[in-house]
Amino acid sequence: MELRISCRPRTLQILIYLFFSICIIAAAACAFYHALNEGSTWARTERLLFLIASCVLTCGVGAILAKCSDLCLNALRSCVKSVKLWRLRDPSHCVICVSSYDLSQKLSENDGKNRTGVKRYGVGEGQIYALPYVISSLTEAYGENINWHNFTHANDYKSVSLINRGFGDLILLGGPFTNRFTSLAFNMLSEKIKILTFNNTELHFLLGACGRKFSYEVEGDFKSPDGDVKADIGMILCCDEPTKNGTASRRIIIFAGCNTYGTGAASLFFCKKMSDEEIWKKNRKKDYIAVVKCWCSQSPPLLFKTELLGFHCLN
């Protein structure tokens, strides 16, 4: 059974203020009537001043209560919206895995030797921009139920045991060529979707449900003369892991990009804009893949302008 809150926040705020105003006016009218018609002149004046002070105080308290209730309702709406967006089976066992690459060789090349003596891994820039949106949205939806100790990267020793044994829902950041677990996830989902091309400028995939091929490309010059990425394509995949008996065991959510900023743009669109899309509202309970395009402003802070290019159901 779903929790639905159909009233808009502004409408609800007006109704709450109206309710308190009617109560205050009614109480004040009764009190003023008795104050002006009973007792001596001084007693009536004293009661009148007291009632005026009480009305002012009541109006202030009513306004504060109305504002607090409005804030609580908005928080509840945001929480419900985020839960519907993620639809995790078990938030406490959710695993977040970002792509990573070995920095040890680069350190050796730059310094003549790897001074740390141990392997060091780097995380892509797109994942750095994606994580704040993902963490904020998950916290809003599930609060303390999310176990952040299950946060890992693709080359971490513990990620293999967490992911391969079906530990919990998977949130994967990075494409199949930068995050090996994204590649494994696509292999598991090969009956639903098959990635044909995923490079710096192109994304081509085949949907198993309809047998159709879909292609998306970054049109025009996607880099500035200085080499900065101006435009990118991001991919959002949300589906249940297929099992032999047909029951869904865990949720798999992938954010990936063709180039530098696609992963960040995909997570931004998913966390901030997806729930406002009509096509998502109609198909949110289905498995789907969405493709977004982003334009990047290199002047700090980096700004994304995102647009939904395509939304396709996998079943």
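Hi everyone! Let's start in helix α7, where G262, T263, G264, A265, A266, S267, L268, F269, F270 and C271 are buried. That makes 10 of the 11 residues in α7, which spans 262-272, so the helix is mostly covered. Do keep in mind that this is a predicted model.

Next, the sheet. Three strands form an open sheet in the order β6-β7-β8, and their pairing is antiparallel. On average, neighbouring strands here are turned by 15 degrees against each other, ignoring direction. If you look at β7, residues 202-207, you'll see five bridges joining it to β8. In β8, S215 is the residue opposite H204.

Now for salt bridges. How many turn up in the whole structure? A search finds six. In one of them, K192 meets D287 at 2.4 Å, N to O. These two are 95 residues apart, with K192 in the loop between α6 and β6, and D287 in the loop between α8 and β11. Both K192 and D287 are buried.

Another salt bridge brings together R251 and D240, at 3.2 Å. R251 sits in β10 and D240 in β9, so the pair ties together parts 11 residues apart in sequence. R251 is buried, at 1% relative accessible area, and D240 counts as buried too, at 14%.

Finally, E278 and K281 meet at 3.5 Å. Both lie in helix α8, three residues apart, about one turn. K281 is partly exposed, at 43% relative accessibility.

Terms used. Residues numbered from 1 in each chain as written. Predicted model: local features only at pLDDT ≥ 70, side-chain atom pairs only at ≥ 80, totals over all residues. Heavy atoms only, no water. Buried < 20%, exposed > 50% of the residue type's maximum accessible area, 1.4 Å probe, protein only. Helix = DSSP H or I, 4+ residues; strand = E, 2+ residues; numbered from the N terminus. Pairing = 2+ DSSP bridges. Axes fitted to C-alpha atoms, helices over the stretch in contact; angles between N-to-C directions. Salt bridge = Lys/Arg side-chain N within 4 Å of Asp/Glu carboxyl O.
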